[in-house]
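I opened my notebook to walk through a structure that was new to me. Here is what I looked up, in the order I went.

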Amino acid sequence: MPHQDQDTSLRHRLGRTLRTPIGVTALTACLLVALVAVFGPVLLGDQAARIDTDAINRGSSAGHLLGTDQLGRDIAARVVVATRLTLRLTLLAAVIGVGGGLLLGVAPAVVGRRLGRLITATVGVLVAFPGLLFLLFLATIFGVGSTGAVFAVGLAMVPPMARLVQNLTASIAGSDYVAAARILGVGRFKLVVRHLLPNIAEPSVLFATQAAGGILVAFSGLSFLGLGVQPPEYDWGRLLNEQLNRIYVNPVAALAPGAAVVLTGLMFGLVGEVLAQAGGRRAPQAREATPQQVKPLDETAPDGDGGALVRARDLRVTFPGGRRAVRGISLSIGVGEAVGLVGESGSGKSLTALALADLVPHPGRVCAGTLRFDGHDLRADPRLGTELAMVFQDPMASLNPALRVGRQLAEVAEVHLGATRAQATARAVDRLGAVRIPSPERRARQRPHEYSGGMRQRAVIAMGLMGEPKLIVADEPTTALDVAVQQQVIDLLAEVREDSGAALLLISHDLAVVAQVCERVLVMYGGLIVEDLPVAQLVGGAAHPYTRALVGAVPTMATDPGTELATIPGRPPEPGEAGAGCPFAPRCERARKRCHDDAPELAGFGPGRQVACWYPVDAVTAVAPAQATSHGAEATS
């Protein structure tokens with residue numbers, strides 16, 4: 001059924017495009033050129049080859065529409081007959097150029113790093129070389145004749161096509177769904193056919209068809225120079241060469257082959273526009289791999305984590321050059337608990353979540369003293385897709401735009417749960433309904449661009465629910481959504497937690513969202529957790545100066561319009577910049593010499609609280625200045 005649905009959708013879009021003015025024009029031109037190429041040599045071949053010494057070099061007449069050549073042959077008939085050979089050679093050269101360009105274009109994304117760089121550098125050098133000189137160089141190498149000209153023109157098209165494909169695949173290869181495909185073990189061929197080529201189809205098809213027009217001109221140019229088609233064969237370029245010396249005597253005879261080249265080149269451009277509009281979003285069908293069986297959980301495994309669902313100790317994420325993005329944090333998340341992870345951009349929040357899901361991108365390296373999930377070592381037994389769900393920040397980058405949403409959700413069940421295609425499809429529809437997407441059967445057959453922003457986020461949440469998650473990691477799930485949709489997503493996460501009993505790790509810049517959803521808050525700065533406190537104490541009870549500054553920078557409905565919001569001078573440290581002391585010391589008003597010399601450890605600070613600060617702000621310290629000011633005012637009065 002999915003294959004039939006795609007074919008039906010493609011036919012529908014193609015039919016709709018062909019009814020537009022550009023579609024009608026392209027279709028009419030194609031039919032006309034095809035009829036001329038097929039029937040022209042059959043109907044006018046004898047007339048084009050007939051030599052009449054009594055009618056040499058005559059002008060236009062009723063018997064000879066464009067006149068005759070130096071042997072008395074009808075020029076109009078020869079232009080018509082030359083259509084077949086011209087198109088055949090042009091298309092052969094285009095196949096060589098497009099095929100070679102696609103091969104070199106996608107190669108850097110799938111081969112090794114060194115070989116990929118070599119290919120990219122080679123293509124860059126060839127693109128920088130003047131195209132006309134490169135074409136003439138190749139024509140000299142392959143020699144005079146039709147075959148040599150085909151290879152010369154085709155290979156001359158490879159570098160620009162390869163550069164375009166390289167640029168397009170570079171942007172696609174970094175997408176989350178491509179990274180997920182690599183993690184799932186998708187082979188290189190299937191990765192290219194299913195994930196890369198469908199997503200670059202529209203610009204590639206448009207470029208290829210427009211380049212076909214350029215190939216037609218280049219091939220005609222070689223024939224015009226005597227390097228292409230050789231007598232007794234002839235194409236439009238050779239006819240133009242033969243009649244050029246008569247352009248002042250019989251200009252129609254000389255211009256007719258040139259006009260045929262120009263009009264056919266425009267036809268290729270129109271065809272490219274139609275194909276790009278009608279088929280740019282179609283994903284080629286590929287046979288699904290045999291689903292991998294996932295080892296079931298051992299429900300009787302002893303719980304050695306003190307009741308915690310997730311426990312990490314001394315978790316570090318490092319990159320080459322000594323850049324430490326996460327610098328040895330420890331955290332725990334209880335069963336069914338909702339924990340918020342807040343901090344400025346670059347503090348290491350997302351990398352912490354990716355480390356739990358085993359999704360840290362290359363060349364990042366994750367190491368930890370302890371990294372356990374539900375009694376299992378996450379390093380040896382990743383649980384993503386079965387009991388650990390990820391909700392990414394940008395759903396449009398997480399969903400493959402070339403595949404239907406239902407197909408992408410079903411793939412999770414096939415790969416991780418060993419479900420059949422029918423079972424996985426049924427569960428995908430069920431999960432879409434569970435996240436309150438209306439008409440889930442119909443919506444499952446649609447692609448991500450047909451969803452609104454809020455619906456795409458719901459679909460990503462549904463993807464996480466394809467298994468039976470015990471932990472949902474939501475990385476900025478409300479970013480770029482309007483306030484109403486944000487509230488819907490927040491309510492949905494609360495419903496999912498209530499229905500499934502799953503724990504939640506919510507990463508967000510929005511403290512209001514964290515305060516509404518979570519029970520406990522972890523505050524990160526410079527790759528470290530600087531405070532761990534109950535959400536009820538976030539406003540007014542935070543002990544770390546950085547946490548208090550974050551809270552003070554956010555206005556509330558009760559904030560006086562004239563109140564000056566808190567600001568934090570300076571900027572956060574880059575990975576690898578942190579010194580020996582507290583990472584927040586250069587920006588902290590309370591910092592002293594000890595703060596710059598020694599880094600504080602995360603230590604207990606009251607019931608259910610931890611803070612990493614030498615001089616934390618407690619309730620007495622925070623209230624005392626205000627009380628002193630009040631008493632001073634009373635004494636003055």
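This is a predicted model: local features need pLDDT of at least 70, side-chain atom pairs count only at pLDDT 80 or more; totals for chains, interfaces and linings use all residues.

Entry: V38 has 45% relative accessibility, so I noted it as partly exposed.

**Entry: the chain as a whole.** Next I stepped back to get my bearings. I counted 23 helices and 13 strands in the chain. Of its 637 residues, 46% are buried. The accessible surface comes to about 30700 Å², and carbon and sulfur atoms account for 61% of that. I also checked the contacts with a separation of 6 or more: residues 24 or more positions apart account for 68% of them.

**Entry: salt bridges.** How many salt bridges does the structure hold? I found 16.

I looked at R520 and E337, whose closest N and O atoms are 2.8 Å apart. R520 lies in strand β10 (residues 520–525) and E337 in the loop between β2 and β3, so this pair ties together parts that are 183 residues apart in sequence. Are the two residues buried or exposed? Both R520 and E337 are buried.

Then I turned to R436 and E495, which form a salt bridge with the closest N and O atoms 2.9 Å apart. R436 is in the loop between α15 and α16, while E495 is in helix α18 (residues 483–500), and 59 residues separate them. I wrote down R436 as partly exposed because its relative accessibility is 46%. E495, at 29%, is partly exposed as well.

My next pair was R609 and E531, with an N to O distance of 3.5 Å. R609 lies in the loop between β12 and β13 and E531 in strand β11 (residues 528–534), so they join parts 78 residues apart in sequence. I found both R609 and E531 buried.

I also came across a network of salt bridges that links D69, R73, R78 and E242.

**Entry: confidence.** The mean for the chain is 81, and 89% of the residues reach 70 or more.

Key
Residues are numbered from 1 along each chain as its sequence is written. Side-chain values use heavy atoms; hydrogens and water are left out. pLDDT is the predictor's confidence in each residue, from 0 to 100. Helices (H or I, at least four residues) and strands (E, at least two) are DSSP runs, numbered from the N terminus. Buried means under 20% relative accessible area, exposed over 50%, partly exposed in between (1.4 Å probe, protein chains only). Contact means heavy atoms within 4.5 Å. Accessible areas come from the Shrake-Rupley method with a 1.4 Å probe; for residues, only the protein chains shown count as cover. A salt bridge is a side-chain nitrogen of Lys or Arg within 4 Å of a carboxyl oxygen of Asp or Glu.
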